[in-house]
Amino acid sequence: MKGFVSSRLHPAANLALLLVLLLAALCVAGFFTMALSQIFFGIGFQELGNVNRHPQDYPQGWGVMMLAQGVTLLVMLGGAAVAFALLTGHTLADYFAPRRPVPVGWLLLAAALIILSLPAMSGLIAWNAQLHLPDFLADWEQWARESEDRAQEITRYLTRFSSPWRLVVALVVIAVVPALSEELFFRGVIQRNLVQWFSSRHVGIWAAAAIFSAIHMQFFGFFPRFVLGLVLGYLYEWSGNILVPMAAHFAQNAFQLLLLYAQQRDWSSAEFDPDSTEALPWYLVLASFVLCGLLLRYLYHQTQTPRPEELPTEMHTLGGRGVAVHRPDTAPPPARTLSHDGVDATRS
């Protein structure tokens, strides 16, 4: 399929095009947010800004905030990524999952990996939260901490579930939408082009993870989110299918929402605070780190091992007809992993 833009542009030009599409999608998202807020909540343009800043002061504040967040993420990030793929002449399946379909087991293992990583991440969160910048950056550090405090207040407000319906809405907006839109944007387009640009999957993954974390504008949570970006990036690079990091990303957010809901319903005696910066006991952190390392190693080997339908075949004549026969005794070709951008990973 031929697109409006050449698919052979330099990756830097591709990223510049993505930025233009992102700004355009942001405008479209803003329009939809204003229109839907007026239709569903009776909140006009002039009042919408006040609701976003102080949603607690408005009876419709929770709904308006959820609507704004869901529409913005879906249209701005997801819309820009999809528009980029289509403009460069690709089908969505070809661009975001170019290598092969994946078994359901890979999706479940990716989700399990993220859930098992939570204790280990708590140690990293505690360390990052206690970082202090040099004295000449003291004013910026104070501003950053105040900004994160305000963001945490909004998070606590949005994750206060007074009904099962609110939980369902939160699962869609906070778990499903980011898993779709952020993975399409950061892994599907940005990481793919960075890997191609640097001719190294490792440099591309690390750079994309840094962008993924920095764009959230939370310095004192930068490193945990950066590590999450690395895990999601390698899951995408190994599997060649965007569904794998999507499953992991969804599990990251959905599991925490379900823990919160169970706690708020008194179904669990354990207290869970999604904004907590305290580390879990060291033995849980250590166990989590070891289990995640083993699971990552297993996933890597699973994604790099050819499945039966990908093994070499030979044509044999049987009754005058050519029949493809698998040769399980034939050694597979030497290990050589190509990224879905055509980069020889053995060179990086």
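Start by selecting helix α7 (138-158) together with α2 (45-53) and α3 (61-87): the buried residues of α7 pack against α2 and α3. Helices here are DSSP runs of H or I with at least four residues, strands are runs of E with at least two, and both are numbered from the N terminus. Buried means under 20% relative accessible area, exposed means over 50%, and partly exposed lies in between (1.4 Å probe, protein chains only). A contact means heavy atoms within 4.5 Å.

Before going on, note that this is a predicted model, in which local features need pLDDT of at least 70, side-chain atom pairs count only at pLDDT 80 or more, and totals for chains, interfaces and linings use all residues. Residues are numbered from 1 along each chain as its sequence is written, and side-chain values use heavy atoms, with hydrogens and water left out.

**Stop 1: α7**

Show the side chains of E141, A144, S147, E148, Q152, I154, Y157 and L158, which are buried in α7. Then check the length of the helix: its 21 residues should span 30 Å at 1.5 Å a residue, and its end C-alpha atoms are 30 Å apart, which agrees. The expected span is 1.5 Å times one less than the number of residues.

**Stop 2: α2 and α3**

Hide α7 and look at its two partners. At what angle do α2 and α3 pack? The angle is about 95°, and the axes are 9 Å apart. Axes are lines fitted to C-alpha atoms, for helices over the stretch in contact, and angles run from 0 to 180 degrees between N-to-C directions. α2 and α3 are therefore roughly perpendicular to each other; angles of 65 to 115 degrees count as roughly perpendicular, under 35 as roughly parallel, over 145 as roughly antiparallel, and the rest as oblique.

Select L48, V51 and N52 in α2, which meet G61, V64, M65 and A68 in α3. By class, this contact has 5 nonpolar, 2 polar and no charged residues. Ala, Val, Leu, Ile, Met, Phe, Trp, Tyr, Cys and Pro count as nonpolar, Asp, Glu, Lys and Arg as charged, and the others, Gly among them, as polar.

**Stop 3: α6**

Move to helix α6, residues 118-129. The 12 residues of α6 reach 16 Å from the first C-alpha to the last, close to the 16 Å expected at 1.5 Å a residue. P119, A120, M121, S122, A126, N128 and A129 are buried in α6. The buried residues of α6 pack against α5 (104-116), α7, α10 and α12 (282-304).

**Stop 4: α10 and α11**

Select helix α10 (residues 222-239) and helix α11 (residues 243-264), which pack at an angle of about 150° with their axes 8 Å apart. That makes α10 roughly antiparallel to α11. On the α10 side the contact is made by L228, L232, L235, Y236 and S239, and on the α11 side by V244, P245, A248, H249 and Q252. This contact has 7 nonpolar, 3 polar and no charged residues.

**Stop 5: aromatic rings**

How many aromatic pairs does a search of the whole structure find? The search finds 17. Rings of Phe, Tyr and Trp (its six-membered ring) pair if their centres lie within 6.5 Å; planes under 30 degrees apart count as stacked, over 60 as edge-to-face and the rest as tilted.

Select W197 and F198: their ring centres are 5.6 Å apart and their planes are at 15°, so the pair is stacked. W197 counts as partly exposed at 38% relative accessibility, and F198 counts as partly exposed at 42%.

Next, select Y234 and W238, a tilted pair with 5.7 Å centre to centre and 45° between the planes. Both lie in α10, 4 residues apart, about one turn of the helix. Y234 is buried at 17% relative accessibility, and W238 is buried at 11%. Finally, select W127, W206, F222, F223 and F226, which form one aromatic cluster.

**Stop 6: two loop residues**

Select S199, in the loop between α8 (164-198) and α9 (201-214). Phi of S199 is near 55°, a positive value in a residue other than glycine. S199 is partly exposed, with a relative accessible area of 33%.

Then select M217, in the loop between α9 and α10. M217 has a positive phi of about 60° although it is not a glycine. M217 is exposed, with a relative accessible area of 61%.

**Last stop: the whole chain**

Show everything again. The protein chain has 12 helices and 2 strands. Of its 348 residues, 42% count as buried.
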